[in-house]
Amino acid sequence: VTLRTMTKWFACGFFLPERSTSGRIARKPIEAAAGQWHHVVNLRSAEDVDDQLKAWLTETYLMFPADD
């Protein structure tokens with residue numbers, strides 16, 4: 001997950017196993033590797049961190065299990 005500070009928003013980047021067609025996606029998703037699509041959502045306020053974004057971030061977290 002990446003956060004980039006822009007002039008009027010934060011750009012939140014994350015990976016999903018499939019390409020999302022949600023209107024919230026700010027840039028064209030890029031397939032970085034097989035089954036790893038990079039997406040970006042612009043966050044303008046705290047309200048933009050909603051259940052949908054939390055679900056996407058959880059899915060990203062589960063895609064990359066930590067090494068123990």
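Q: Leaving aside neighbours within four places in sequence, with which residues is Trp56 in contact?
A: This is a predicted model, in which local features need pLDDT of at least 70, side-chain atom pairs count only at pLDDT 80 or more, and totals for chains, interfaces and linings use all residues. Residues are numbered from 1 along each chain as its sequence is written, and side-chain values use heavy atoms, without hydrogens and water. Contact means heavy atoms within 4.5 Å. On that basis, the partners of Trp56 are Phe14, Leu16, Ser20, Ser22, Arg24, Ile25 and Val41.

Q: Which residues of helix H1 are buried, and why do they line one face?
A: Buried means under 20% relative accessible area and exposed over 50%, with partly exposed in between (1.4 Å probe, protein chains only). The buried residues are Leu53, Trp56 and Thr60.

Q: Against which strands do the buried residues of H1 pack?
A: Helices (H or I, at least four residues) and strands (E, at least two) are DSSP runs, numbered from the N terminus. Strand E4 is mostly covered, with six of its eight residues buried. The buried residues of H1 pack against E2 and E4.

Q: How many bridges join E2 to E4?
A: Two strands pair if DSSP finds at least two bridges between them. E2 and E4 run antiparallel, and Gly13 stands opposite Val40 in E4. The number of bridges joining E2 to E4 is seven.
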